[in-house]
Amino acid sequence: MKESLSAAEARRIALAAQGFGRPRPTAPGTRQLNIELRRMRALQIDSVNVFARSHYMPLFSRLGPYDTAALDRLLFAPRPPYVEYVAHEAALVPAADWALFGFRMDEMRAKYGTSADGWYQRHREIVDWVRAELAERGPLRPAQIDHDAKQARRGPWWDWDVVKHALEFLWMFGDVAIAGRRGFERRYGLAEHVIPAEVLAAPVSRDEAILELVRRAAEAYGVAGAADLADYWRVRDRRAVTAAAETLVDLGELQRVTVEGWTTGGRPMPAWVHRDARLPRRIEGAALLTPFDPVVWFRDRAERLFDFEYRIEIYTPAAKRRFGYYSLPVLVGDDIVGRVDLKADRAGSTLRVQSAWWEDGRPAHAAELIAGELQAAAEWQQLERISVSDWGDAVDELADALPGAARHDRGAADAVALAPDEPDPLPTIA
């Protein structure tokens, strides 16, 4: 690999490392799902379901339409090969990697579990009771534990939030693991009931874990600066991340590189390229990305790679949104050329393009390629029609490229809610 990369070369390396630029399989199955999950190393989970659950999207972006039930069976079966933890944010990682986050579990316990005035110590009675319930009964959903707590009539603090908080702390500390889901509701079990015994029996030191996590982030990104490598697993110790990267240079796994436009303090940013990184001549095709795809989940990196400023506006009042409630970045070739805000109208069997916007420098054929992705997205979500709104500078071109598409007014902001049988995952406790 060259010692100096242009901005376009860095983009192509990064996208190739994430699985883009390859022909999509005609009928993706479990083997292809596993390949992409291994390539990404982590699959972030988010509760917003306005178009599709966020953890379904990265596989669609890379493989095209696939059977989400096959992914559910792979991820959420009893004793699945993947498990949830705070790996980036809440994310699915191989169960075999559980020990790599032992240092984070220790940090969580030190931060939240030791203070006499903290929630954990003040509620040790219910925490111990919840742990005992899981030990006796095996993995349970929060609603099952909450029901039994109420039946016990133990006091006004035995409420839904207290049960959820107890489970959340036990999960963050590594005492409890996620034993699958029903719908989108987690099932919790003691770690020894979920994680393979050989994994629990082989703890990993903090230094060893950070070295391995940096190794995996470098492979997943292809080319990266220290901030990128740190953010992939949200490791705050930048000095340890940089030291790990230099160790990997000494081992011949990484190579120091400079990238056009990657600067800090007016000087070239230290960066590394993985020894297995590919530099394809071109990246072809198009893809819709979730906000939580590794390609864009670190916003600073997205700006460096694509000159793409991206913020999610779900918490922005409707009247002040620039691009829409939950706009998805759109990749064409090796660049992000726009964003579309999608909503799956299940009752009307319609994929609603709520807004669409161009970035500077889009190729002439961008609308046709994106239209193809929208048609594939509608098929994937089993929606019969597509309707395009009047909001955004890309909507007319997209509508023209979608024969038979309806049009609708922007109108009032749509209320967005999860289905009643698919509650939000537990909140992260700050």
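Two strands pair if DSSP finds at least two bridges between them; helices (H or I, at least four residues) and strands (E, at least two) are DSSP runs, numbered from the N terminus. The structure described here is a predicted model, in which local features need pLDDT of at least 70 and side-chain atom pairs count only at pLDDT 80 or more, while totals for chains, interfaces and linings use all residues. Residues are numbered from 1 along each chain as its sequence is written, and side-chain values use heavy atoms, with hydrogens and water left out.

The pLDDT, the predictor's confidence in each residue on a scale from 0 to 100, has a mean of 91 for the chain, and 92% of the residues reach 70 or more. Residues 415-430 fall below 50, and this stretch has 33 contacts (heavy atoms within 4.5 Å) beyond near neighbours in sequence.

Ser389 stands opposite His408 in β17, and β16 is joined to strand β17 (residues 406-408) by three bridges in the parallel sense. Between β16 and β17 the chain passes through helix α17 (residues 395-400), in a β-α-β crossover that is right-handed: with the strands pointing away from the viewer, the path from the first strand over the helix to the second runs clockwise. Strand β15 (residues 350-358) also pairs with β16 in the parallel sense, over four bridges, with Thr350 opposite Arg385. Here the chain crosses from β15 to β16 through helix α16 (residues 366-380), and this β-α-β crossover is right-handed.

An open, mixed sheet of four strands has the order β1-β8-β11-β7. Its edge strands, β1 (4-5) and β7 (223-225), each pair on one side only. Helix α12 (residues 206-221) packs on this sheet, touching β7, β8 and β11, and its direction makes about 75° with that of β11; such angles run from 0 to 180 degrees between N-to-C directions, and axes are lines fitted to C-alpha atoms, for helices over the stretch in contact. Within the sheet, β8 (residues 254-259) and β11 (residues 271-274) run antiparallel and are joined by four bridges, with Gln255 opposite Val273. Helix α14 (residues 238-250) lies across β8 and β11, at about 115° to β8.
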